[in-house]
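Student: Hi! I'm new to this one and would like a walk through it. Can we start with the strands?

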Amino acid sequence: MKEIIVYEPKEKLKPSGLIGLSDAQIDDHWNLYLGYISQVNRLNDEIVELVSQKQTSTLVYLDRKRRLGFEYNGMVLHEYYFGNLCSKCSPPLRGSLLQEIEKHWGSFQDWLDDFANTGKTRGIGWSILYMDPVTGQLLNAFIQEHENGHIAGFIPMLVMDVWEHAYMIDFKAMGRTDYINAFIANINWKTVEDRYDQGTERKLCIRF
Ligand SMILES: [Fe+2]
């Protein structure tokens with residue numbers, strides 16, 4: 001590997017002034033996102049160094065390879081997450097994505113209930129509305145930690161963090177349901193629709 005991308009924070013994605021989610025909560029969460037970027041960059045540097053030293057059969061090298069999915073998804077999912085939050089900046093969902101949701105679930109509320117309940121899965125992780133860009137199938141899936149459960153090639157439309165760090169400051173450890181309600185009140189539907197439109201046009205989803 002001759003060249004490695006050095007990842008940097010996407011400051012424009014940082015929300016503020018949300019309804020029911022404090023800036024202190026977002027600031028704390030944002031700092032964790034910065035940590036993932038740092039870890040991704042360190043991980044890539046260390047792997048390149050180990051390769052150059054011909055250390056590819058060592059446990060250290062193999063461990064670093066195992067960590068790629070955790071650290072990369074930790075960075076990427078937070079970019080989707082912060083990017084689909086905003087304060088009073090977005091009209092309700094309408095258009096082709098709404099029609100597709102109604103086709104798959106019967107009603108918008110039925111889909112939303114399923115998305116929220118997916119996020120109540122016991123354990124730390126994420127609730128994600130995915131789209132299969134080949135068939136158009138929509139799917140609410142739970143991702144454990146950052147990397148377990150992704151469906152290869154499916155595109156995230158809406159991403160909700162349900163690790164406890166996402167709500168501990170505002171809602172404490174037992175407050176996941178209240179947090180999910182607050183998250184829903186701050187969804188940037190325009191961003192979600194843009195992701196859907198990009199996906200249906202067979203483009204890769206632009207997350208920032
Ligand atoms: Fe998080």
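Tutor: Happy to. β1 and β2 run antiparallel and are joined by seven bridges. Keep in mind that this is a predicted model.

Student: What holds paired strands together in general?

Tutor: Strands of a sheet pair through backbone hydrogen bonds, and the pairing can be parallel or antiparallel.

Student: What is the order of the strands in the sheet here?

Tutor: The order is β2-β1-β3, in an open sheet of three strands with antiparallel pairing. β2 and β3 are the edge strands, each pairing on one side only. On average, neighbouring strands of this sheet are turned by 25 degrees against each other, if direction is ignored.

Student: Is β1 mostly covered or exposed?

Tutor: Mostly covered: seven of the seven residues of β1 are buried. β3 is mostly covered as well, with seven of its seven residues buried.

Student: Which helix lies across β1 and β2?

Tutor: That one is α3, and it runs at about 85 degrees to β2.

Student: Let me switch to Phe115. Where is it placed?

Tutor: Phe115 is in helix α4.

Student: Buried or exposed?

Tutor: Buried, because its relative accessibility is 0%, and anything under 20% counts as buried.

Student: What does Phe115 contact, apart from its neighbours within four places in sequence?

Tutor: Its contacts are Ser127, Ile128, Leu129, Asn140, Leu158, Met160 and Phe183. You have already met some of these names: Ser127 is the bridge partner of Met160, and Leu129 is opposite Leu158.

Student: And how far apart are Phe115 and Val60?

Tutor: They are 38 Å apart in space, C-alpha to C-alpha, and 55 residues apart in sequence.

Student: Now a loop residue, please. Where is Ser87?

Tutor: Ser87 is in the loop between α2 and α3. Its relative accessible area is 26%, so Ser87 is partly exposed.

Student: What is Ser87 in contact with, leaving aside neighbours within four places in sequence?

Tutor: Ser16, Gly17 and Leu18. There is also Pro15, 72 residues away from Ser87 along the chain, with the two C-alpha atoms separated by 7.4 Å.

Student: Next, helices. How do you describe two packed helices?

Tutor: By the angle between their axes and the distance between the axes.

Student: So what are those values for α1 and α2?

Tutor: The axes of α1, residues 23–52, and α2 come within 8 Å and cross at roughly 145 degrees. This crossing is left-handed. The residues of the contact divide into 18 nonpolar, five polar and six charged.

Student: What span should α1 have?

Tutor: It has 30 residues, so at 1.5 Å a residue it should span 44 Å. The end C-alpha atoms of α1 are 44 Å apart, which agrees. Just after α1, Lys54 takes a positive phi of about 55 degrees.

Student: And what about the span of α7?

Tutor: That works the same way: α7 has twelve residues, 189–200, so it should span 16 Å, and its end C-alpha atoms are 16 Å apart.

Student: Which residues of α7 are buried?

Tutor: Trp189, Thr191, Val192, Glu193, Arg195, Tyr196, Gln198 and Gly199. What covers them includes the helices α2, α3 and α4 and the strands β1, β2 and β3.

Student: Last one: which residue just after α7 takes a positive phi?

Tutor: Arg202, with a phi of about 65 degrees.

Terms used:
Residues are numbered from 1 along each chain as its sequence is written. This is a predicted model: local features need pLDDT of at least 70, side-chain atom pairs count only at pLDDT 80 or more; totals for chains, interfaces and linings use all residues. Side-chain values use heavy atoms; hydrogens and water are left out. Helices (H or I, at least four residues) and strands (E, at least two) are DSSP runs, numbered from the N terminus. The expected span of a helix is 1.5 Å times one less than its number of residues. Buried means under 20% relative accessible area, exposed over 50%, partly exposed in between (1.4 Å probe, protein chains only). Contact means heavy atoms within 4.5 Å. Axes are lines fitted to C-alpha atoms, for helices over the stretch in contact, and angles run from 0 to 180 degrees between N-to-C directions. A crossing is left-handed if the near helix is turned anticlockwise from the far one by less than a right angle, and right-handed if clockwise. Ala, Val, Leu, Ile, Met, Phe, Trp, Tyr, Cys and Pro count as nonpolar, Asp, Glu, Lys and Arg as charged, and the others, Gly among them, as polar. Two strands pair if DSSP finds at least two bridges between them.
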